[in-house]
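Thanks for asking me to look through this one with you. Please keep the sequence and the 3D view open, and take the points below one at a time.

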Amino acid sequence: QVQLVESGGGLVQAGGSLRLSCAASGRTFSTNTMGWFRQAPGKEREFVAAITWSGGSTYNADSVKGRFTISRDNAKNTIYLQMNSLKPEDTAVYYCAARRIGGNDYAYWGQGTQVTVSS
């Protein structure tokens, strides 16, 4: 099993910044990709960004390109999501997730952290 704990959410004004963290523990060696997802009220959960533990390859949704940056600290088993130029439409619960090596989907999820952007 892999445990994921997010932190760093909060209330920020439009144009501001926040940095989310996700600390992974347990059988982290069984995972190869970590991702951030978000879910706004009344909407489906959507992909935000992902990063591999090994090569650090990153993937970003078009809606956040140029504003959000995903990064990792392998020594701390932690990933981050730096969010700049935040917009009210970025308001959502943000979830960290981990994909198992050889898996097609994200098997492990954190409890989520609320991000609210006021206009």
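1. Let us begin with a term: a residue is buried when its relative accessible area is under 20%, exposed when it is over 50%, and partly exposed in between (1.4 Å probe, protein chains only). Strands, labelled E, are DSSP runs of at least two residues, numbered from the N terminus. With that in hand, look at strand E11: its covered face holds Thr113, Val115 and Val117, while its uncovered face holds Gln114, Thr116 and Ser118.

2. A word on the source. This is a predicted model, in which local features need pLDDT of at least 70, side-chain atom pairs count only at pLDDT 80 or more, and totals for chains, interfaces and linings use all residues. Residues are numbered from 1 along each chain as its sequence is written, and side-chain values use heavy atoms, with hydrogens and water left out.

3. Stay with E11 and see what pairs with it. Two strands count as paired if DSSP finds at least two bridges between them. Strand E2 (residues 10-13) runs parallel to E11, with four bridges joining them; here glycine 10 stands opposite valine 115. E9 and E11 run antiparallel and are joined by three bridges, and valine 93 has glutamine 114 as its bridge partner in E11.

4. Next, the open sheet. Its four strands come in the order E1-E3-E8-E7, with antiparallel pairing. Which strands are at the edge? They are E1 and E7, each of which pairs on one side only. On average, neighbouring strands of this sheet are turned by 15 degrees against each other, direction ignored (the axes are lines fitted to C-alpha atoms, for helices over the stretch in contact, and angles run from 0 to 180 degrees between N-to-C directions). Within the sheet, E3 and E8 pair in the antiparallel sense over six bridges, and alanine 23 stands opposite threonine 78 in E8.

5. Now look inside. A nonpolar core is a set of buried Ala, Val, Leu, Ile, Met, Phe, Trp, Tyr and Cys residues joined through side-chain atoms within 4.5 Å. The largest one here has 29 residues, and Leu4, Met34, Trp36, Leu81, Met83 and Tyr94 are those with the most contacts inside it. Strands that each supply at least two residues of this core include E1 (2-7), E4 (31-39) and E9 (92-100).

6. How many disulfides does a search of the whole structure find? The search finds one, where a disulfide is a pair of cysteine sulfur atoms within 2.5 Å. Cysteine 22 is joined to cysteine 96, with an S to S distance of 2.0 Å. The link is left-handed, with -75 degrees about the S-S bond. Cysteine 22 is in strand E3 and cysteine 96 in strand E9, so the pair ties together parts that are 74 residues apart in sequence. Both cysteine 22 and cysteine 96 are buried.

7. The charged side chains deserve a look too. A salt bridge is a side-chain nitrogen of Lys or Arg within 4 Å of a carboxyl oxygen of Asp or Glu, and the whole structure has four of them. Arginine 38 forms one with glutamate 46, their closest N and O atoms being 2.5 Å apart. Is arginine 38 buried or exposed? At 6% relative accessibility, arginine 38 counts as buried, whereas glutamate 46 is partly exposed at 34%. Arginine 38 also meets aspartate 90 in a salt bridge (2.9 Å, N to O). Aspartate 90 lies in the loop between E8 and E9 and arginine 38 in strand E4, so this pair ties together parts that are 52 residues apart in sequence. Salt bridges that share partners join Arg38, Glu46, Arg67 and Asp90 into one network.

8. Finally, two backbone angles to check. Most residues other than glycine have a negative phi. Asparagine 77, in the loop between E7 and E8, has a positive phi, near 50 degrees. Serine 85, in the loop between E8 and E9, also has a positive phi, near 50 degrees. Asparagine 77 is partly exposed, with a relative accessible area of 28%, and serine 85 is partly exposed at 40%.
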